[in-house]
Amino acid sequence: MSRRLKVAAAQMGPIHLADSKASAVKRMMTMLRQAADAGCRFVVFPELALTTFFPRWWMADQAEIDRFFEAQMPSPETMPLFELAREKKVGFYLGYAELTEDGGRTRRFNTSILVGPDGRIIGKYRKVHLPGHSDHLPQAPFQHLEKRYFEVGDLGFNVWRMFDEDVVMGQCICNDRRWPETFRVMGLQGVEMVALGYNTPTDNIYFHEPPYRRVFHHLLSVQANAYQNGTWIVATAKAGKEDGFGMYGASVIVAPTGEIAAQAMSEADEVIMFDCDLSLGESIRQNVFNFARHRRPEHYRLITERAGAEPPPPTRK
Ligand code: CDT
């Protein structure tokens, strides 16, 4: 019998600083209903889906920063989303800012969760590849302060079994998609589908890049990683202009062949869907990317031993 999972990427348009978490949840519920009514059983929402992309703002007051974080999940604001998903028997991925007490220490992570169709949290991921900077750059057109507001995730890249089909599901967040290690670690656990949410500014604050090239790099990353690991990838943006600061859309459902099965057309709330055949990745994982037969880990030691590049000494002084 064929194993299939109809999934949706529920792209969100902008969430402004003044918008409440409850209003974001209401928008997500509208999209979850739309996806469920069309037969989807899994919905992927964006990274930091409850608030504006707050790392663009420099804030010094910890109480002000913590307004963007959740100390519990489900939280009072997100509970209606969990209840609706349970009623519709739809699983989902949700990104949010997590605040947790750990041995008397308050810790903050950029986090995502997988929620099963029974409304229970199956798996948690804390973002490993935090982009941006931690210092104040008031001259920049906007900032990217993830390194200031979050710790590096401590849970690694895991996979979980989901749904009656026992889909091997993985998750990661935004900048993680640019790093092949993210997907290879999940690939080595037999991943069949990866859920990921993102917030990617249309402009680069470090050097000039035309916006089309930023979208190209996003698509290049998810398409290549889907193919090289024989996995479906559902990548969902928060997009549009938040208080005037642009983020691109281009949410996509990518097949294990690397081909785009569905792509968002807007930078607003938009649901895209695809009925994913889970056997599609098998021929790739059993042939060209049969890891057990073809990988040579004895030649990959530098990948875990070294973070930065160290070129050999120059030949000419
Ligand atoms: N949220 C997030 O991780 N954004 C980053 C911006 C980096 S700019 C190259 C991203 O990788 O999309």
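A residue counts as buried here when its relative accessible area is under 20%. With that cut-off in hand, welcome to a short tour of this predicted model. V90 has a relative accessibility of 0%, so V90 counts as buried. Of the 317 residues of the protein chain, 51% fall into the buried class. The tour starts with the whole chain and then visits a handful of residues.

**Overall build**
- The protein chain has nine helices and 15 strands.
- For 317 residues, a compact globule would have a radius of gyration near 20 Å, and the 19 Å found for the protein chain agrees with that.
- Along the principal axes, the C-alpha atoms of the protein chain fill a box of roughly 65 × 55 × 45 Å.
- If you count contacts in the protein chain between residues at least 6 apart in sequence, 70% of them join residues at least 24 apart.

**Annotated domain**
- An unreviewed UniProt entry carries the annotation "domain: CN hydrolase" for residues 5-280.
- Over residues 5-280, the chain is 23% helix and 31% strand.
- The end C-alpha atoms of that stretch are 12 Å apart.

**Surface and charge**
- The accessible surface of the protein chain comes to about 14600 Å², and 54% of this area belongs to carbon and sulfur atoms.

**Around V90**
- You will find V90 in the loop between helix 3 (79-88) and strand 4 (91-102).
- V90 and F42 are 48 residues apart in sequence, yet their C-alpha atoms are 5.5 Å apart in space.
- Leaving out residues up to four places away in sequence, V90 touches L32, A36, C40, R41, F42, V43, A85, G116 and P117.

**Around R107**
- R107 sits in strand 5, which spans residues 105-115.
- The relative accessible area of R107 is 10%, so this arginine is buried.
- R107 and Y149 are 42 residues apart in sequence, with a C-alpha to C-alpha distance of 9.8 Å.

**Backbone points to check by eye**
- M73 and P74 are joined by a cis peptide bond, with omega at about 0°.
- P74 lies in the loop between strand 3 (69-70) and helix 3.
- C174 is not a glycine, but it has a positive phi of about 40°.
- C174 belongs to the loop between strand 8 (167-173) and helix 5 (180-187), and its relative accessibility of 5% means that it counts as buried.
- D243 also has a positive phi, about 50°, although D243 is not a glycine.
- The loop between strand 11 (240-242) and strand 12 (245-247) is where D243 is found.
- With a relative accessible area of 34%, D243 is partly exposed, whereas C174 counts as buried.

Key:
Residues numbered from 1 in each chain as written. Predicted model: local features only at pLDDT ≥ 70, side-chain atom pairs only at ≥ 80, totals over all residues. Heavy atoms only, no water. UniProt positions renumbered as here; feature names shortened; annotations may be inferred. Helix = DSSP H or I, 4+ residues; strand = E, 2+ residues; numbered from the N terminus. Rg over C-alpha atoms; globule rule 2.2 N^0.38 Å. Buried < 20%, exposed > 50% of the residue type's maximum accessible area, 1.4 Å probe, protein only. Contact = heavy atoms within 4.5 Å. Areas by Shrake-Rupley, 256 points an atom, 1.4 Å probe, with all protein chains shown as cover.
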